[in-house]
Amino acid sequence: MYPSISATQWGSPTAPRKALLIHRLTSCSSAWEGVAQLLVAEGFHRVLCRGSESPWHAWRRGTDYRISTLAEDLRPYFINDTSYDVVIGRSLGGTVALSLLPFLPKTKEVTVILLDPPLEREGTAEMDKSWFLEAIANVKTAEELVGEFGWSRRDCVLAALGVSMCDRTTIDGIFSHNRPWSFSGLFKNIPPHVKVTVLVSDPKAGAVCHVEHVPRDIERLNVRVLPGIGHCIHYECPEAIMDAI
């Protein structure tokens with residue numbers, strides 16, 4: 001028996017389509033607010049996002065932070081062949097979504113969208129870890145984020161909230177339990193009923209996904225680089241996500 005499901009939800013339970021959103025490390029489910037509202041406007045039913053109870057978030061500690069284990073923790077969302085028209089994973093959530101591909105029910109076609117997922121980061125893993133540790137040790141205010149990135153105040157408030165909810169234990173676990181950090185091979189597991197689109201941020205604007213790390217010879221796999229767009233695609237260019245859908 002699976003535990004009860006807890007998630008942030010948007011939309012009407014009677015609407016025709018469903019979406020599952022998976023957030024990144026140092027984020028929270030509410031950070032998807034802007035994208036979720038766009039999805040609801042397009043007729044999606046009860047848009048779900050795993051929130052602060054995720055094992056890669058501070059409110060719920062874990063002991064095993066392997067990507068495969070994080071994906072397994074989402075299995076309750078697929079009990080009784082529950083299916084989704086769209087699954088979107090951002091950053092770490094994109095890598096988790098890749099691990100979810102074998103679990104997706106075969107009852108309908110599924111669009112999976114990965115937002116700048118960290119596929120091959122072994123050479124920069126320690127630097128990445130230090131960046132996250134610095135971020136949680138010195139949480140920037142919403143006002144500071146507005147000044148630095150120019151995002152809406154809503155998005156900056158939610159971004160600051162997510163960082164403040166994370167702690168060192170989670171970050172240490174994520175980086176120590178996933179060595180070597182190499183996940184491009186997961187693209188080999190795309191089922192025939194799934195279409196995957198990878199949205200890659202501009203390398204000059206802080207991308208963590210490199211287009212050369214995405215295989216080119218895989219069916220049902222598309223890649224799009226977003227010039228001028230940074231790592232936080234859902235804040236900076238949500239229309240690219242809707243175009244992919």
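**Entry: Val110**

I looked up Val110 and found it in strand β5; helices (H or I, at least four residues) and strands (E, at least two) are DSSP runs, numbered from the N terminus. Val110 counts as buried because its relative accessibility is 5%; buried means under 20% relative accessible area, exposed over 50%, and partly exposed in between (1.4 Å probe, protein chains only). I then listed its contacts, leaving aside neighbours within four places in sequence: Tyr84, Asp85, Val87, Leu104, His193, Val194 and Lys195. Contact here means heavy atoms within 4.5 Å. I also checked Val110 against Ser130: they are 20 residues apart in sequence and 36 Å apart in space, C-alpha to C-alpha.

**Entry: ground rules**

I note that this is a predicted model, where local features need pLDDT of at least 70 and side-chain atom pairs count only at pLDDT 80 or more, while totals for chains, interfaces and linings use all residues. Residues are numbered from 1 along each chain as its sequence is written, and side-chain values use heavy atoms, with hydrogens and water left out.

**Entry: the cores**

Which residues have the most contacts inside the largest nonpolar core? I found Val87, Val112, Phe187, Val196 and Val198, in a core of 46 residues. At least two residues of this core come from each of β2 (17–22), α2 (67–72), α3 (92–100), β5 (110–115), α4 (125–137), α7 (168–176) and β6 (194–201). A second, separate core has 21 residues, including Ile113, Leu226, Cys237 and Ala240. For the term itself, a nonpolar core is a set of buried Ala, Val, Leu, Ile, Met, Phe, Trp, Tyr and Cys residues joined through side-chain atoms within 4.5 Å.

Leaving aside its neighbours within four places in sequence, Val198 is in contact with Leu114, Pro117, Phe187, Cys209, Val214, Leu221, Asn222, Val223 and Arg224.

**Entry: the largest pocket**

I looked for open space next. The largest pocket has a volume of about 950 Å³. Of the 41 residues that line the largest pocket, I noted those closest to its centre: Arg24, Thr26, Trp131, Phe132 and His231. My working definition: on a 1 Å grid over the protein atoms alone, a pocket is an open set of points where a 1.4 Å probe fits, with protein on both sides within 12 Å along at least five of seven lines, and lining residues have an atom within 4 Å of a point. Grid points are joined across faces, edges and corners, and a volume is the space filled by probe spheres set on the points.

Which element gives the largest share of the lining? It is α4, with seven residues. By class, I count 25 nonpolar, eight polar and eight charged residues in the lining; Ala, Val, Leu, Ile, Met, Phe, Trp, Tyr, Cys and Pro count as nonpolar, Asp, Glu, Lys and Arg as charged, and the others, Gly among them, as polar.

**Entry: His231**

His231 sits in the loop between β7 (221–226) and α8. Is His231 buried or exposed? His231 counts as buried, because its relative accessibility is 11%. Not counting residues up to four places away in sequence, His231 touches Arg24, Ser91, Asp116, Ser201, Ala205, Gly206, Val208 and Glu236. The C-alpha atoms of His231 and Asp116 are separated by 6.4 Å, though the two residues are 115 apart along the chain.

**Entry: helix α6**

I found these buried residues in α6: Asp155, Cys156, Leu158, Ala159, Ala160, Gly162 and Val163. They pack against α1 (33–41), α4, α5 and α8.

**Entry: backbone notes**

Most residues other than glycine have a negative phi, and most peptide bonds are trans, so I noted the exceptions here. Phi of Asp81 is near 60 degrees, a positive value, and Asp81 lies in the loop between α2 and β4 (86–90). Asp81 counts as exposed, because its relative accessibility is 54%. Ser91 has a positive phi near 55 degrees and lies in the loop between β4 and α3. Ser91 is buried, with a relative accessible area of 7%. A cis peptide bond joins Arg179 and Pro180, with omega about -5 degrees; Pro180 lies in the loop between α7 and β6.
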